[in-house]
Amino acid sequence: MGLNWVLFGSLLYTLIVFLHWGGFAIGLAQAQSATFNVDASSKSARAMPDNLFGIFFEEINHAGAGGLWAELVSNRGFEAGGKNTPSIFDPWAQIGNDSNIILSTERTSIFERNEIALKLEVLCDKNAKSNPCPSQGVGVYNPGFWGMNIERGRLYNVVLHIMSVKSVDISVSLTSSDGSQNLAQHSIKGQKFSGWSKVEFKLRARGTNSNSRLQITTSKSGTIWLDQVSVMPSDTFKGHGFRNDLASMLSDLKPGFLRFPGGSYSQGGTLMNAFRWKSTVGPWEQRPGHFNDIWNYWTDDGLGFFEFLQLAEDIGALPVWVIHNGISLNDQINPSSLPSFVEDVLDGIEFARGDAHSTWGSVRAEMGHPNPFKLRYISIGNQECLNGNYRANYLKFYTAIKSAYPDMKVVTNCDGSIGKLDHPADLYDLHVYTSASDMFPKAQLFDKISRNGPKAFVSEYAVTGNDAGKGTLVAALAEAAFLLGLERNSDIVEMASCAPLFVNDNDRRFNPDAIVFNSDAQFGTPSYWMQQFFKYSNSATYHPSTIQVSNYPYLLASALTWEDTNSRRKYLKLKILNYGSAAVPLNMSMSGLETTISSNGGIQAVLTSSKLSDENSFQEPKKVAPVLTKFAKAGGKMSVMIAPYSLTSFDLLLDKQNLRSSI
């Protein structure tokens with residue numbers, strides 16, 4: 001069939017891409033014509049795993065604290081400085097000089113696991129002649145995580161715990177970073193809090209400032225204690241405490257699973273700083289928090305075990321819990337103590353899956369979720385296979401978990417791709433971090449792996465190094481090659497997720513990341529947009545295909561059919577990766593179709609840019625993002641032009657109904 005081109009707009013787009021690529025000094029280079037043949041018959045088709053592509057959350061780069069978890073107050077319980085007093089209580093800071101107010105920490109809190117409270121000794125008084133308070137009062141402020149984003153008209157839920165020697169006259173305000181702009185204010189007057197009391201109210205902002213702070217001030221002398229101070233937007237994602245814009249970006253990926261709470265973060269640098277699930281459930285005021293000694297910052301654990309399970313449910317993903325197996329990066333338990341760790345994990349599974357009247361299921365129910373969560377995967381540790389105690393520890397966890405929960409799928413840290421495992425497992429965990437040039441050929445990584453034994457869980461993959469930058473086009477395209485290989489081998493690869501997921505732009509501990517954010521904005525890196533091309537692969541039907549071209553080993557492709565679960569419409573999705581510098585005329589042929597491709601056409605999506613090093617930014621959040629155009633005269637045979645260094649997809653409707661884009 002001759003050239004059966006897309007609409008003029010698509011042709012114009014291709015021309016623009018060529019002109020852009022002139023920046024690579026490749027001009028209008030064109031490879032020989034290529035052929036892409038798809039066998040779409042049901043006889044050769046294969047069902048893909050329901051949860052092939054998902055997401056992996058790690059508390060790194062302030063991904064949760066100061067990120068996905070919408071709490072605006074940093075160190076809300078004053079615990080970050082440790083249990084010994086006096087202690088530091090950063091980032092809280094004093095308003096007023098030392099002649100007016102003295103701040104200190106004491107172990108006077110009402111909460112047993114959160115002993116530290118902040119004591120404010122107010123020495124000045126607005127009515128005193130000898131030491132009057134300044135006009136703005138004195139007190140304390142909290143800047144949040146590099147500034148609080150306060151938006152005009154938005155409602156904020158404020159909670160604080162307070163105790164006082166005498167009646168108070170306190171102002172609780174949301175202000176600009178220097179306190180000069182008052183965005184919202186609430187007064188607490190004439191009340192005496194002789195014992196600890198919880199005070200709750202709402203603030204509606206009358207202005208917008210992305211670098212705001214919370215301040216608590218008074219002009220009345222006396223002694224006041226504060227503890228567990230919280231400010232949360234009232235309109236979080238599905239009402240469960242997650243930052244709306246960030247959680248929505250996760251939901252848009254339609255992930256099949258959520259692996260949590262991290263890799264190294266779950267282990268801890270030391271046992272005392274590892275993520276312990278029991279310390280992260282129950283009322284938030286009673287959670288002790290812990291120091292993230294892997295990535296060097298404090299977390300209040302507002303984003304705890306329950307919240308991870310809730311997030312998975314909210315975005316339609318299955319939870320995958322990475323448990324602590326008694327081994328941290330720098331120390332480990334004595335094997336004689338292992339039974340208590342095993343029992344702890346069984347308690348955690350009961351918390352997630354147990355009946356609402358069970359010991360730990362009742363705790364979940366009290367937190368507002370009487371129905372069990374769908375916890376079906378447990379990963380025993382993270383990257384400890386080479387540790388001498390790992391296998392012995394693993395077997396004890398495996399045996400206990402399978403005995404109590406036979407349906408639970410258990411993941412080992414030991415790599416099953418290089419040889420037969422010496423212990424039972426449902427899946428084996430594999431991490432792939434490498435350069436773009438090395439990631440591209442890893443599309444063939446699983447081609448010759450045995451089809452017997454446990455399936456692979458590529459829980460962490462990413463292009464890293466100089467060519468990755470903070471998230472470049474070339475990194476995304478190389479990762480796309482890897483994912484195309486995983487699709488082709490999805491008979492032995494059950495799950496895969498990139499890493500890391502989030503980065504707060506103020507605290508980059510690892511590059512690149514899928515989603516970048518600050519207090520008020522966010523954007524997806526090219527890798528995030530690349531993953532959008534794969535979000536309908538879960539539960540899809542894979543079709544064998546071949547792509548052929550002479551002397552140009554830079555083309556990869558896949559074909560699958562997917563169904564829109566809402567409309568029940570089916571689509572044939574074709575993905576073509578061009579990892580080379582030439583444009584490629586591509587003749588596509590689909591055989592064995594049991595239904596016709598709608599003559600209405602289809603939708604073409606192209607991810608490319610003018611330079612391999614191009615990145616997205618707050619100033620240009622979609623510099624590298626899919627461009628969508630309608631595709632005319634779609635059918636069983638089509639001819640298209642594939643741009644250099646690009647990922648292209650075609651979603652072709654398999655009935656006569658209206659089109660729907662998968663991007």
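**Close-up 1. Trp 277 is buried, with a relative accessible area of 1%.** Keep in mind that this is a predicted model. Phe 305 is tucked away too: this residue is buried, at a relative accessible area of 0%.

**Close-up 2. Trp 277 and Phe 305 form an aromatic pair, one of 30 found when the whole structure is searched.** The two ring centres are 5.3 Å apart and the ring planes meet at 50°, so we call this pair tilted. Where do Trp 277 and Phe 305 lie? Trp 277 is in the loop between α3 (264–267) and β16 (290–292), while Phe 305 belongs to helix α4 (residues 305–314), so the pair ties together parts that are 28 residues apart in sequence.

**Close-up 3. Here are two charged side chains sitting over rings.** Arg 213 lies over the face of Tyr 141, 3.9 Å from the ring centre. In the other spot, Lys 575 has its charged end over the ring of Phe 534, at 4.7 Å from the centre.

**Close-up 4. Take a look at helix α2 (residues 244–252) and its buried residues.** Which residues of α2 are buried? They are Leu 246, Ala 247, Met 249 and Leu 250. Look down the axis of α2 and these buried residues fall within an arc of 155°, so they line one face of the helix. Their cover includes the helices α4 and α10 (526–532), plus the strands β3 (55–56), β24 (502–504), β25 (515–517) and β26 (522–524). Just past the end of α2, Lys 254 takes a positive phi of about 50°.

Definitions and conventions
Residues numbered from 1 in each chain as written. Predicted model: local features only at pLDDT ≥ 70, side-chain atom pairs only at ≥ 80, totals over all residues. Heavy atoms only, no water. Phe/Tyr/Trp six-rings, centres within 6.5 Å; stacked < 30°, edge-to-face > 60°. Helix = DSSP H or I, 4+ residues; strand = E, 2+ residues; numbered from the N terminus. Buried < 20%, exposed > 50% of the residue type's maximum accessible area, 1.4 Å probe, protein only. Lys NZ or Arg CZ within 6 Å of the ring centre and 35° of its normal. Arc of directions from axis to C-beta. Contact = heavy atoms within 4.5 Å.
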